[in-house]
Amino acid sequence: RPGIDYHCKYGITGIILLFFIFSFAGWCWEVGLHMVQSGEFVNRGVFHGPWLPIYGSGGVLVLVALGKLRDRPVATFFMTVLLCGIVEYATSWGLERMYGVRWWDYSGYFLQLNGRICAEGLLVFGLGGCAFIYILAPLMMEYGIRRMSMKVRVLLCALLLALFALDFWYSREAPNSGEGISGQREAFFQADLSGGV
C-alpha cells in the first residue's frame, strides 16, 4: 500500500476547500465538546454558520507556512504550537476589543496567558496540526478534492466563499453570542478595560 504523500501540492482551490473542511471540523469538535459537557446543542463561535474560521485559518497557516519543515516532525510540532498560539491569542484579543466579549477564557487552566491561551489547548493544537499536515490534508486531497473536476472545485469554492462572506458581514453587526457561546458578558470586561488593561 503506498504511503501518504505529505509533500503534495494543494493549489488555491485545495487550500480554500481545506480551510472550510477544517473550519467545519473545528465547529463539530466545539459543538460536540459542549454537548458532552452540558447535554445541549449550542452553535459555537462568533459566526452563525457551521464553521469556526480560527480552526481553518490555523490549519491552512501551518500547512502553508511550515512546508519546508515537513521532514522534521518535532520542529513542525513546536512551530505548530507557536503559530496556533499566536492565532488564538490574537483572535481572542481582537474579538474582545471589537465586541467587549470573550468567546473563550482559560483563566484557571495550567500555564495560561491572560486567559487567552493555555498549555492544554496548545498541546491539542500541536498534535491536531501535525495530524492535519501529515495525514488528514494529504488524504483529503488524494481521495476527495483531487477526484473532483476543476470546474466543480471552482464552483464549490465560489459558493462557500459567498456564504462565508454573507455570514462574516452579518456577524460583524450581530455576532453569535449568549449562554454557552460567549463565556462572559460585556459588563464583566467593561470593568477590566476601564482599569487600563
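## Exercises on a predicted model

Of the contacts (heavy atoms within 4.5 Å) in the protein chain between residues at least 6 apart in sequence, 72% join residues at least 24 apart. The model is predicted: local features need pLDDT of at least 70 and side-chain atom pairs count only at pLDDT 80 or more, while totals for chains, interfaces and linings use all residues. Residues are numbered from 1 along each chain as its sequence is written, and side-chain values use heavy atoms, with hydrogens and water left out.

**Exercise 1.** State how many helices and strands the protein chain has, and in which pattern they follow.

*Solution.* Take helices (H or I, at least four residues) and strands (E, at least two) as DSSP runs, numbered from the N terminus. The protein chain then has six helices and two strands. Along the sequence, the pattern reads α-α-α-β-β-α-α-α.

**Exercise 2.** Compare the radius of gyration of the protein chain with that of a compact globule.

*Solution.* The radius is taken over C-alpha atoms, and the globule rule is 2.2 Å times the number of residues to the power 0.38. For 197 residues the rule gives a value near 16 Å; the protein chain has 18 Å, which agrees. Along the principal axes, the C-alpha atoms fill a box of roughly 55 × 35 × 35 Å.

**Exercise 3.** Classify the ring pair of Phe-19 and Phe-164, then say whether each residue is buried or exposed.

*Solution.* Rings of Phe, Tyr and Trp (its six-membered ring) pair if their centres lie within 6.5 Å; planes under 30 degrees apart are stacked, over 60 edge-to-face, and the rest tilted. Phe-19 and Phe-164 lie 5.8 Å apart, centre to centre, with 90° between the planes, so the pair is edge-to-face. The pair links distant parts of the chain, 145 residues apart: Phe-19 in helix H1 (residues 11–38) and Phe-164 in helix H5 (residues 150–173).

Next, apply the accessibility classes: buried is under 20% relative accessible area, exposed over 50%, partly exposed in between (1.4 Å probe, protein chains only). Phe-19 is buried because its relative accessibility is 16%, and Phe-164 is buried at 16%. Of the 197 residues of the protein chain, 42% count as buried. Finally, ring pairs link Phe-19, Phe-20, Phe-47, Trp-51, Phe-164 and Phe-168 into a cluster.

**Exercise 4.** Locate Phe-125 and list which residues it touches, not counting residues up to four places away in sequence.

*Solution.* Phe-125 is part of helix H4 (residues 119–143). With that exclusion, Phe-125 touches Tyr-55, Thr-80, Cys-84 and Glu-88. Between Phe-125 and Leu-83 the C-alpha to C-alpha distance is 9.6 Å, at a sequence separation of 42 residues.
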